[in-house]
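The sequence and the structure come first.

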Amino acid sequence: MPASTAASELERIELDLFVQALKRRHGHDFSQYAPASLIRRVRQLARDHRCGNISELTTRLLHEPDFVAVVIQGLSVPVSEMFRDPPVFRALREQVLPMLASYPQITIWQAGCAYGQEAYSLAILLDEAGLYERSHIFATDFNADALRRAHEGIYPARDAQLWSRNYLEAGGERSLADYYSARYNFIKLDQRLRRHITFASHNLVADKVFCEANLVVCRNVLIYFSAPLQNRTLELFHDSLVRGGYLCLGLRESLDFSPAAADFSVLDAALRLYRRGHRPASIEFDGTVLPFTQDGRGSG
């Protein structure tokens, strides 16, 4: 066996033992995460903490009780920004919120909320649509440090310029600066945006339905899951949504090939917006019956 092949096989064994140790010692199951992404993050953890190999990382995980928080922080790598992918937020503003306005109470589950930027973005959309006072956003993540920072709503000021551009491209008609105060090198989001946001711990790998929701937003999380775990998560979202509720995924994610797809219609395929409910075979428009196309729009 070539040396490189032997080394690769040894690393796979080390990774399996690391994943087992994390699950059996601390209850966090990463066995269904996409292998390529997981091995990159575990290697980086080993380098960051000066471990010669994954086995040394596993030893620390087993024998240092506080080290698990460091590991979870390294493996989850929360990455987001306010109004990330502005066309998605514009579509939520223009296509989804007007439909949700018919409900007396609006519940949104933002799963995998990272540091909270998208949860606050949703709060701003609801506020500008006049819906915030009868809405509640449940923003969940399994990373305790990320949840703490999300609850604080304090971010580096260097991000404000990009976020302001995103906000305007997403259809914002004010200034994003109206929603935060700046001091030193940080911005702090207006406390009133947090009034109807609950930041809570929830693990998509192991936990069950979190709430009954009119809209589920989970963006750029499924790409790190294996196909079986993606299917489990999508079924979880399906069971969380009221009939006619909306699902928003990341631009690199899709319902395609998932069993859950059978009970969703496509609102906008490119922006990964879906609605729970069977897709009709056709729609009537201006007196003409049009067949439904793959992107969720009638053709003719």
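## A residue with a positive phi

Arg50 is exposed, because its relative accessible area is 80% and the cut-off for exposed is over 50%. The structure is a predicted model. Arg50 sits in the loop between helix H2 (35-48) and helix H3 (54-63). Its phi is positive, about 55 degrees, although Arg50 is not a glycine. Most residues other than glycine have a negative phi.

Ala114 also has a positive phi, near 55 degrees, and is likewise a residue other than glycine. Ala114 belongs to the loop between strand S1 (106-111) and H6. Is Ala114 buried or exposed? With a relative accessibility of 5%, Ala114 counts as buried, since buried means under 20%.

## A buried charge without a salt bridge

Asp141 is part of strand S2. Asp141 is buried and has no salt bridge. Which side chain of opposite charge is nearest to Asp141? That side chain is Arg41, at 9.5 Å. A salt bridge needs the side-chain nitrogen within 4 Å of the carboxyl oxygen, so a partner must come within that limit.

The side chain of Asp141 does have polar contacts with the backbone. One is with the backbone nitrogen of Cys113, at 3.4 Å. Another is with the backbone nitrogen of Ala114, which lies 3.0 Å from a polar atom of the Asp141 side chain. Ala114 is the residue in the loop between S1 and H6 whose positive phi was described above.

## Salt bridges

Side chains of opposite charge can pair when their charged atoms come close. How many salt bridges does the structure hold? There are 16.

In one of them, the side chains of Glu133 and Arg195 meet, with an N to O distance of 2.2 Å. Glu133 is in the loop between helix H6 (117-128) and strand S2 (135-141), and Arg195 is in the loop between strand S5 (186-189) and strand S6 (197-201), so the pair ties together parts that are 62 residues apart in sequence. Glu133 counts as exposed, at 54% relative accessibility, while Arg195 is partly exposed, at 43%.

Another salt bridge joins Asp263 and Arg276, at 3.2 Å from N to O. This pair links distant parts of the chain, 13 residues apart: Asp263 is in the loop between strand S8 (241-249) and strand S9 (264-268), and Arg276 is in strand S10 (residues 273-276). Both Asp263 and Arg276 are buried. Elsewhere, salt bridges that share partners join Asp85, Glu118 and Arg219 into one network.

The side chains of Asp29 and Lys23 also form a salt bridge, at 3.6 Å from N to O. Asp29 is buried, with a relative accessible area of 17%, whereas Lys23 is partly exposed, at 45%.

## The largest pocket

Rolling a probe the size of a water molecule over the atoms shows where empty space is left. The largest pocket holds about 460 Å³ of space. It is lined by 28 residues, and the closest to its centre are Ser76, Gly112, Asn220, Val221 and Tyr224.

What classes of residue make up the lining of the largest pocket? It has 14 nonpolar, eight polar and six charged residues. Helix H4 (67-76) and S2 each supply at least two residues of this lining. S2 is also the strand that contains Asp141.

Methods
Residues numbered from 1 in each chain as written. Predicted model: local features only at pLDDT ≥ 70, side-chain atom pairs only at ≥ 80, totals over all residues. Heavy atoms only, no water. Buried < 20%, exposed > 50% of the residue type's maximum accessible area, 1.4 Å probe, protein only. Helix = DSSP H or I, 4+ residues; strand = E, 2+ residues; numbered from the N terminus. 1 Å grid on protein atoms, 1.4 Å probe; cavity = no way out; pocket = protein on both sides within 12 Å on 5 of 7 lines; lining within 4 Å. Points joined across faces, edges and corners; volume = space filled by probe spheres on them. Nonpolar A, V, L, I, M, F, W, Y, C, P; charged D, E, K, R; others polar. Lys, Arg positive; Asp, Glu negative; His and termini not counted. Polar contact = N/O pair within 3.5 Å; in protein donor to acceptor, adjacent residues only side chain to side chain.
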